[in-house]
Every structure is written in structure tokens, then in C-alpha cells.
Amino acid sequence: MLLLKECWESLVSKKTIAFLVILELIVLSFFMTILFLNYQKSETHAKSFMRPFENQNVYQIDDELRDEKEDAFLSSPSNVDKLRVLYKKFDSAKKFQFINVTQQPVGILNFNGPQSLLAGFEENSIIEPYESETDHQMYETIKAVQMNKQAMKLLDIKLSEGELLPDKAFDYKENKDIPVLLGSSYQGLYNIGDKITVEYLFKKLDVRVIGFLEKNTYTTIGQDSQVYLDRYMVLPMMHFDQIERKDKEFYDFQWKVLLHSINGFIVTPKDSLAITKEVNQLGKEANFTDFAILGANTTGIVVLSSMMEQNQQILILLTVTLSLFSLVTIYFVLRTKLKLNMKKYAIYLISGLTMKHIFAFIFSEVLLLSLTSFGLTALSVSFILGALDPFYYIGGIVFSLVFSLIITAPIYFRFRKMPIQMLLKGRE
Amino acid sequence: MDLITFKNMSKEFNSGKQTNRVLTDVNLTIKENELVMITGRSGSGKTTLLNIIAGLDKPTSGSYFYRNHDLTNKNYKQLADFRQNKIGIILQNYPLVDEKNVFENVKIPLWNSDLSKEKQEQHIIEMLRYVGLENKAKAYPKELSGGEAQRVATARALINDPDCILADEPTGSLDEESEQIIFDLLTDLHRVGKTIIIVTHNKDLAKQGERQINISNGVFHSVR
């Protein structure tokens, strides 16, 4: 009680000093908070998204079919079948994982959702509603990604509701509903079990909602390091049992899907030479070798990883510098305050208090200032972002304690060494 | 009865590699209800002696007895308890805490008192009445004259009813009238049975004590 009363009186009596110290500590707490949030985010990345890529090399498959060469190749169903076989081999390979996440908008019938879900919304170039050539109905174009089975597993996609795409969802079956996932922004617009008519690569399909993604779920797509899926529909990247030429619409759909499918990423601990040998062997077995294996250096995953590391280093540097600056300035501010309080402490000493009491007053005052500053910062951050990890609050309190000790320890040792008559005469 | 006894007491201070002996082989007895004046040049060791008597500091060698109790090896917590209950101290430079009013200043030595709040208040008002400042209880130090501030400090020194009052230059920065008021207060306390030890440069004031001790180069000389 005496301690609290003393702290309060001391703070109130030197309001300007208390205000300056609190202000400085709030800035420090704010940087600490950013550092914590950044660390937490990078840890989440590391645990969920980045973990599969730890100690792995990522290579990209790029088909070399262009213009006339592509037209000639695709005119023959047996050639398209080579793509089908190759994709099957990639998909079932034991020596690497083949992941593919492709961004391809889909048309949607009877859409009543917000414009933010439409393709091109973020770029301010929304695709106008169009009349389908297949059923002559009006379709809107929404943002969508197609993900293969391995990508779904490797990227550890989390749902807020429903279930992930089952293995059989990746095998195309005529006249069967295709299971899809929807981003969190679709919640309230559709429910699990709802059937939606879409047009994907000019093929009319019936899809059924089986789950909603957790808010802020994201993935990398090609060179885009971070694509949030909140406003996306996630379709399975489908595989076919055979290639059929008799229905042109379906044939075109098949080769388009397959061309998307084989241009994926290989995730493996193997080096470039070993993986090239392995993949070329699979190409030979499928009788399709018109593709290149690109190195991993430019992929979004690598860019994201290095960006996160750099950001964190800059933040750590900034926070450490600021902490040292705060420590030094607060130490000198408190020393000045101590000199101003010398008269009071002398009276306390002659009134039966000890040096330990006085040190407890100084320590409590610094602790109170630190906790107040952290409390204000934590309150503001929690108000904006919601309740944070309990470790943040515990860490803040522990940091305030350690900070107060570091600040007051030199003052204590200086104070303890000071001859009593110096203190009573007001000299340091 | 002997109140304060020093036997071969010395006090040294270390400043860097140098050792500075402030008091040398002090053998001194102060009896109960004495009015003792201690004089000497600046740096002669007067304040150091008062600090040791008050338990604010410890002798480097020799012994210190208070009512025949050996205080030499007591720890600072025990000395603080002793100081709070047995000794009243009046300082020249620091009479009062600026951010507390007169009432709160007098209350400081009661920080761990067992008395009820009402009894504490009653006691503080009595002390303020004794020093003639009961009407200034709510005033802050900046609203008081130097003499008034020193009277409040005297009330604070008396609040725990100590046996002994130590006053370090209590009138050093006061005008003549205030000086006389403070000295009258101290002599009045002496009359009611308190032991008063005053450190002073003031030769006229020093003559008014029952006994005068001069300290020169850490050595005691009884003048009277």
C-alpha cells in the first residue's frame, strides 16, 4: 500500500518526466508488439505453409508447346493422352511431390454475391457478365484456383467448416457433382451442400460446396508469393481416365486442364541433376519430352521465405536499437529524477525507512511506468486486432520486469555505495 | 543514566584508494536529558557522529551503546527500527518533502504505525499545536517560511516520542527570530526530559547548551 501510494505520489509530482518516459516506453512496446506479431506470423508460416518446403528444392515444369507447335500437338488425341499419362506419372511419383496451384477464373450462374468476389476486382477491371455459348445463360466471372491432390495435402489447407477435397474429387466423372471449397468471404452466401453451376474452361460443370477455408488462408501461385484465398473458389485439378475426341467441347476441356496440370512444381530434396534425370525418365515413359525443368530461384515460395527473413531482421535491428536508446535515456531521466528526489529520500531515511525501501520505491515506479506503457499498447493492439496469444501478455509483463531491473540495478549499486552524509546533504 | 556511549569508536571513509579517517578513538558518554552542543569546522566529523548516533551509519571500529545496548553490529533494518522509535532527527537542508502538505510531512515516521487512523490524526494535530502550526496543517512547504518549515520538521521528529533529538544545524539558514523560536522549542523539549544533541557553527547558540564538545580533526575536546 505504502509502495503504491509512494509510486503514485512520485509520478504525479513529476508529471512531465513520467509522461516522457511513458511515451518512450509506448513506442518501445509498440515495436516489441510488431516484432512479436511478425515473429508469430513467420512461425505460423513456418509451421503451416513453409514447413513442407524446408530443406527442399523446388523446380518448375514448363511445357514448350507454343503457337503452331501447340496446335499441331493438340490436334491428335494420342498426343493429349501423352499429357494425361505424364501428369499421372508426376502425380504418383515416389521420388518427389508434384504440386500445382493454378489461377483460372470460372463463370458462375445466378451469382448474387458482392463484386469483391468477381475476377479483376482488385485490379479494377471486373470481367463483365457474359452469355455462355453452351446454355446461352448469363454468367458472372469469379476468382478461382485449381489445386491438385498433392498441393492440398502439402500446403496444409485449413478449413473453418466442412471437409477437404477427398481423393476421388480429383478424378473427373461425367455427370457427377464436383466438390469445391469456398474462401471465407463466401460464408453466408452459400452453405455446405449447395449446388452451383459454373463454367470452367468453357465446360459447364455442377459443383457442390463441401467446405469453407479459414480466414486469411493463402497460397503461392506461380510467381505470386502470397495469394489470399478468402475471395476464391477452390476447384480440384482433375485427372481423366482417358481422352475422348468425339465431343469437341469435352476434348478441348481435357487438353486445357492437362496443359494446366503438367505446368506445376516439383518439391524434392534432390539436386537439379538428379531430378532432371528422374523427370526426363518419366517424360520418356509417357512419350512426351517437350518440357523444361526450371530452377527454383524465382519461385514465389523462395521470394516469400527470403522476404520474411529480411523483414524480421530489420525489425529486430530496429527494436534492439530502440531498446538500447530507451534504456540509456530512461536511465539518465531517472537519475535526474533521483537527484530531485534526494531530499525526500533523506527524510524517509531519518524517519525509519531503509535503503532497501527506497530502492523498492524506485524499482516499483519504473515497473509501474513500464507496465502502464505496455498495458496501453497491449490494450490498443488488442482492441484493433482482437485478443492476442497469451504468450504476448505474459512476455510483456516479464519484459517490463526485466527492463525495470536493468534500469534500476545501476542506480541501486550507485546509491548503495553513496556515503549516507552525501545523501543527507543532497550531494551525489 | 547513560543514554549514548562510544568506546574507542573510529569512522573511516574510503574514496578510491585513499582512506579518510573522520573520527578517531572517540570515547564519549551522553547522559539522559542532557543538552549537548557539538561544534567544529566543516568536515570535522560532526554530521558523521550524528549519523552514527542515529543508526544511519556504522562505526568502522570501536563500540556504540544506547542505554547500554550494543548497537555496533546491528543490521540496517534493526538500526532503522531503532531510529524510528528512539531518535528524532532535524536536518538543516531538507526540512520537508515538497509534494506533501504539513500534515502528511509530520505523518511520515508513522508509515508502519499500529495506531488507528483517527489516533494518528489526533497525534499529528497535537504535535502541530505544540509547534504552533495547527492552523497550517493543509499548507504545502512552499507556502511556509523557513522557520515554520523547521518547526514542522521538529513536529515530525517528535511524532514517535523519541528519547533523543538530533539536530544538524537546525537554525543554520534562519533569521534571528526564527532561530530563537526553534531553539526555544528544543530547550522546552529538554525541559520535559528529552536528550538534545545539536550540531552548530553558531558560537552564541553553542554557549546555551549544558555541555559543549568541539571536534577538531576527528578528535573530541570538551569545551565545557
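This is a predicted model: local features need pLDDT of at least 70, side-chain atom pairs count only at pLDDT 80 or more; totals for chains, interfaces and linings use all residues.
Helices here are DSSP runs of H or I with at least four residues, strands are DSSP runs of E with at least two, and both are numbered from the N terminus.

**Positive phi in chain A**

A:N287 lies in the loop between helix 7 (272–286) and strand 16 (291–294) of chain A. Its phi is positive, about 65°, although A:N287 is not a glycine. A second case is A:H136, found in the loop between strand 5 (130–131) and strand 6 (138–142) of chain A. Phi of A:H136 is near 55°, again a positive value in a residue other than glycine. As background, most residues other than glycine have a negative phi.

**Where the chains touch**

Let us move on to the interface. Here 21 residues of chain A are in contact with 22 residues of chain B. On the chain A side, the elements that give two or more residues are helix 1 (2–13), helix 8 (300–350) and helix 11 (420–424) of chain A. Helix 8 of chain A gives the most, with seven residues. By residue type, the side of chain A that touches chain B divides into 11 nonpolar, six polar and four charged residues.

**The sheet of chain B**

In chain B, six strands form an open sheet in the order 6-7-8-3-9-10, with mixed pairing. Strand 6 and strand 10 (219–222) of chain B are the edge strands, each pairing on one side only. From one strand to the next, the twist averages 20°.

Strand 6 of chain B runs parallel to strand 7 (residues 164–168) of chain B, and four bridges join the two. Within this part of the sheet, B:I89 stands opposite B:L166 in strand 7 of chain B.

Which residues of helix 2 (residues 76–86) of chain B are buried? They are B:L79, B:A80, B:R83 and B:Q84. Seen down the axis of helix 2 of chain B, these buried residues fall within an arc of 135°, so they line one face of the helix. Their packing partners are helix 1 (46–54) and strand 6 (87–90) of chain B.

Technical notes: Residues are numbered from 1 along each chain as its sequence is written. Chains are lettered from A and ligands numbered from 1 in the order in which they are written. A residue is buried if 20 or more other C-beta atoms lie within 10 Å of its own, exposed if 12 or fewer, and partly exposed in between; C-beta atoms are placed from the backbone. The arc is that of the directions from the helix axis to the C-beta atoms. Two residues are in contact if their C-beta atoms, placed from the backbone, lie within 7 Å. Ala, Val, Leu, Ile, Met, Phe, Trp, Tyr, Cys and Pro count as nonpolar, Asp, Glu, Lys and Arg as charged, and the others, Gly among them, as polar. Two strands pair if DSSP finds at least two bridges between them. Axes are lines fitted to C-alpha atoms, for helices over the stretch in contact, and angles run from 0 to 180 degrees between N-to-C directions.
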